[in-house]
Amino acid sequence: VFQFLPSYKVANSPHSQWVNTSWISESMYRFTGLRPYTLYNLTVYVKNTNTREIYPPAKFITAATAVAEPEAPWNVTAKQLTAYQVQVNWMPPHESNGPITGYSVCMTPPIPPMCKTVHGSKTQILFDSEFTTNNNYSFWVKAKNSLYESNTSSVAVVQLDESAHMLPITDLKVDAHTSNSVSLSWTSVKHAEKYHIKPKALSLVSPDSILYPRLAVVDTSSSKYTVTDLAPGTDYTFEVVPYNSKFEGQPSSITTRTDGVTLPQITGLHVELVKSHGTAVKIGWSPPNDNRKVSWEYGIFYGRNLKELLSKGALRTTNTSATVQDLAACESYVFAVGLVAPLGVGPLSSNPQTVVTQFNIRAAPKNLRVFADPHNTTAMSVTWTASCPFVTEPIAYEITIMEVNLDQKASYTNMPTSEVDLQHTFFIQYGGRYNVCVSTSVMGSAEGPCVEYWARQLPPPHQLQVLQETNGSYVLYWRQDQLPANLSSNDYHYVVLVSPGSSLNISTAKELKTNSAPYFFSPEDEDTIYSYAVVLETNAGYRSLPSEVVSLASTKDAWPALFHQKSVMSLILPTLLVVVVVCCVLAVALGFISIRHRRLQHTFSNFANSHFSTRSGTATFGSNSDGLGDRLSAHF
């Protein structure tokens, strides 16, 4: 006789362990309690009940669980960009339980809500609408996978600001121009505090491929400005954008040409890789063929594509050669050179040069990603690749992690390896926010772009209510969703945030700790609006997102005033009068109903006691007690 022990393990997870169920005699078993949309390794041990010998598994199979409902998106934020645009951002669900196919983002007003669909993994959308000033608009998000839709996320509320209503620039004109400057003027715009001026030299893609790099944006608070450091004989477009501390208005543009002779293009450009370094490039060029007697300054422009080359800043030099260092390894770069001073920024060289860098042990790693461990809610997986597809010598990597909320820093260095694809898992805390960077452990190594990762959030308090007591103080109530299993009641508390004004300023809010709701608060100033919110905080210092904000005016004497002697009399007398009138009306109504009921009762009795005489053709009714007569005759 044999017994069987079904066992399972999460597939493709370096930290997962085999889980044994229990010995059974049946030859079929249903695994339960598994995670949705997860691949498992399954096997069965066999035991001889007579000899107690256990036989190792002879076969392993893999099976995947089905798609389930995703968790709701979180950290939904709404930000007004202009009078006609609100940008909504959110974080994807921690547990998608299947590939996320898109999101449904809704806004109200109007009623019914207006909803938009976002396809794929994008977590941002713009709402374009004729928003009403000083109105509150609510936004929420639902996630969708191939079969199911999540619950609704928390609601983000934004109040439309009147200062966003800036009319377009009008009467934009060129007042004067020289060989290196253009003077502009326009009509001032209401609500605008300053103006962006964005000059752009007009490039010719064909037939001569004259390209100009991007120029710096200048700001002014006046409705007149002279843009300097322009190149002579060049066509420019000037875009003027009104803005204030919160918003940008609608731009307006104008095109003009500077005086003088166009600056020449640089020729004789040549680039060469410094092979001993691998990520350094030596570049040289010929001086310009121009009869202007000035000391030229050159700009070296480079990037991994033309767009990056034109938008990135330049390395400046007065020499006709230079060495560009600390480039990314195993990447293709495009180089161009142009005049940048003293007569403005001229066109770039017409023959950009390309070079491919090589391996360098100090080069920054690539493709850094941080994501949730699919099998542990308190772990994050960090993956990256080596700087080149082929690593010529073993490299050790240093992973630096900064916890942003608590300003705590830690680092980890792995063993040297020649592998290209690498991964490491770190244990983290609920509510944590981590900035992750990776570099090689060699002294002076370059650090690639860092990645910020938000751990699973602590459930925030919700359904906050603020009620005023008779003594002028306030009592705050809220609800709390189920907390993580590893968080006991002694591991956390609540922080009540209070700030004056109709909106909560978290950076300056007063913080008041309490172990549970309700919480009683006495405002310092009377007749002042205060805003309230509550966050959950662990003893380690990690916080949830704030609850909804409640704003309420402090009127300390409002309730006691109702019970002032005169106020009481003015309240009681009308109340008593109403009660008396109601009682009288009820008495009259009851009397009328009683009399009518008696009449109907007697009328029916008389009819029931009547008899009809066929001889005389009369109907005789019995006596009634209302004095109408003792006998009535009816002839038919």
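The legends below describe an overview and several close-up views of a predicted model.

Because the model is predicted, local features need pLDDT of at least 70 and side-chain atom pairs count only at pLDDT 80 or more, while totals for chains, interfaces and linings use all residues. Residues are numbered from 1 along each chain as its sequence is written, and side-chain values use heavy atoms, with hydrogens and water left out.

**Overview. The protein chain holds three helices and 42 strands.** Helices (H or I, at least four residues) and strands (E, at least two) are DSSP runs, numbered from the N terminus. The chain has 636 residues, of which 38% count as buried; buried means under 20% relative accessible area, exposed over 50%, and partly exposed in between, with a 1.4 Å probe and protein chains only. Among contacts (heavy atoms within 4.5 Å) between residues at least 6 apart in sequence, 61% join residues at least 24 apart.

**Close-up 1. Ser163 lies in a loop between two strands.** The loop runs between strand 12 (156–159) and strand 13 (173–177). Ser163 counts as buried because its relative accessibility is 19%. When its neighbours within four places in sequence are left aside, Ser163 is in contact with His191, Asn244 and Phe247.

**Close-up 2. The second largest pocket is lined by 39 residues.** A pocket is found on a 1 Å grid over the protein atoms alone, as an open set of points where a 1.4 Å probe fits, with protein on both sides within 12 Å along at least five of seven lines, and lining residues have an atom within 4 Å of a point. Pro93, His94, Ser96, Phe371 and Ala372 lie nearest the centre of this pocket. The elements that give two or more residues to its lining are strand 8 (100–108), strand 27 (366–372) and strand 33 (451–454). The pocket holds about 970 Å³ of space, where grid points are joined across faces, edges and corners and the volume is the space filled by probe spheres set on the points.

**Close-up 3. Cys106 and Cys115 form one of three disulfides in the structure.** A disulfide is a pair of cysteine sulfur atoms within 2.5 Å, and here the sulfur atoms are 2.0 Å apart. The torsion about the S-S bond is about 105°, so this disulfide is right-handed. Cys106 is buried, with a relative accessible area of 7%, whereas Cys115 is partly exposed at 43%.

**Close-up 4. A disulfide joins Cys330 to Cys388, with an S to S distance of 1.8 Å.** Cys330 lies in the loop between strand 24 (321–324) and strand 25 (332–341), and Cys388 in the loop between strand 28 (379–385) and strand 29 (397–403), so the pair ties together parts that are 58 residues apart in sequence. Cys330 is partly exposed, with a relative accessible area of 29%, whereas Cys388 is buried at 3%.

**Close-up 5. Cys437 and Cys450 form a disulfide, with sulfur atoms 1.9 Å apart.** Cys437 belongs to strand 32 (residues 433–440) and Cys450 to the loop between strand 32 and strand 33, so the pair ties together parts that are 13 residues apart in sequence. Cys437 counts as buried at 8% relative accessibility, whereas Cys450 counts as partly exposed at 34%.
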